[in-house]
Amino acid sequence: MSQVFYATLYGSTKQYADALAERLGTEAQEITRESASLIRASAADPIIVLSPIHGSFIRGAKFLNELGPAVVEKRKVCLAPVGIALDHVLAETDPAADLLGDMAEHVKRVYLPGRLNYSELAPDHHDIMETRIEKMKAKDERSENEQMMVDIYDTDVDRVDLSRLDPIVEWAES
Ligand SMILES: Cc1cc2nc3c(=O)[nH]c(=O)nc-3n(C[C@H](O)[C@H](O)[C@H](O)COP(=O)(O)O)c2cc1C
């Protein structure tokens, strides 16, 4: 049976993780300090880790680094980072690859569109975003992604689309 792990701050990644786990007939487990001990190192079943992207930090990639190559290279592993950046930008820049280093070739990456509700952000997160957006606004020329981020600043955007889990289900069941 597949093992589904997730991290979340505002719930969108949990939404994906719960829906995925249900489709795979299992239960999603939030990543904690004890999660590594729940990994069945010898089991042939897939491990799927879902996690938000926060700048250059992806909690799910940190978790896979904690498991290390001894587990990651032996098991079938997928990392699904959830972000608000444009789909094609996430796919092309593949920010998880760098964080996984040599393990990247053993980890399938599937980027999922997330949710960014400015109305519910904690003040420190709102400040981080404000600083980033101010820098983007100050530029003479912005990338397509930067322009999108400027356009959605201080609004609520929900791009969660559970049908985007289809390729992960197919991969897990293949
Ligand atoms: C402080 C902060 C930084 C973020 N940085 C990024 C980012 O660098 N790239 C990205 O695509 N999304 C970024 N996001 C968007 C989140 O990853 C996205 O909203 C995700 O769906 C949140 O997951 P959660 O609801 O499970 O917490 C950021 C969100 C916050 C609050």
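A polar contact is a pair of N or O atoms within 3.5 Å; within protein, one atom must be able to donate a hydrogen and the other to accept it, and residues adjacent in sequence count only if both atoms are side-chain atoms. The model is predicted, and local features need pLDDT of at least 70, side-chain atom pairs count only at pLDDT 80 or more, and totals for chains, interfaces and linings use all residues. Residues are numbered from 1 along each chain as its sequence is written, and side-chain values use heavy atoms, with hydrogens and water left out.

**The ligand**

Arg-132 has a side-chain N or O atom 3.1 Å from a nitrogen atom of the ligand. The ligand exposes 640 Å² when taken alone, and the protein buries 94% of that; accessible areas come from the Shrake-Rupley method with a 1.4 Å probe, and for residues only the protein chains shown count as cover. In total, 22 residues surround the ligand, the closest being Thr-8, Tyr-10, Ser-12, Thr-13 and Arg-115; a residue is near a molecule or strand if one of its heavy atoms lies within 4 Å of it.

**The nonpolar cores**

A nonpolar core is a set of buried Ala, Val, Leu, Ile, Met, Phe, Trp, Tyr and Cys residues joined through side-chain atoms within 4.5 Å. Buried means under 20% relative accessible area, exposed over 50%, and partly exposed in between (1.4 Å probe, protein chains only). The largest core has 24 residues, of which Val-49, Leu-64, Leu-79 and Leu-100 touch the most other members. At least two residues of this core come from each of β3 (47-54), α2 (59-67), α3 (69-72), β5 (77-83) and α5. The largest share, 4 residues, is supplied by α2. Helices (H or I, at least four residues) and strands (E, at least two) are DSSP runs, numbered from the N terminus. Another core, of 22 residues, lies apart from the largest one and includes Leu-50, Leu-112, Leu-165 and Ile-168.

**The salt bridges**

The structure holds 8 salt bridges, each a side-chain nitrogen of Lys or Arg within 4 Å of a carboxyl oxygen of Asp or Glu. Three of them are listed here.

| Pair | Closest N to O distance |
|---|---|
| Asp-94 and Arg-109 | 2.6 Å |
| Arg-115 and Asp-158 | 3.5 Å |

Asp-87 in helix α4 and Arg-164, in the loop between β9 (156-158) and α8 (166-173), are 77 residues apart. Asp-87 is partly exposed at 37% relative accessible area, and Arg-164 is partly exposed at 26%.

Asp-94 belongs to the loop between α4 (87-93) and α5 (95-100), while its partner Arg-109 is in strand β6 (residues 107-109), 15 residues apart from Asp-94. Asp-94 counts as buried because its relative accessibility is 17%, whereas Arg-109, at 26%, counts as partly exposed. Setting aside neighbours within four places in sequence, Asp-94 is in contact (heavy atoms within 4.5 Å) with Val-89, Arg-109 and Tyr-111.

Arg-115 in strand β8 (residues 115-117) and Asp-158 in strand β9 are 43 residues apart. Arg-115 is partly exposed at 22% relative accessibility, as is Asp-158 at 49%. Salt bridges that share partners also join Arg-59, Lys-62 and Glu-66 into one network.
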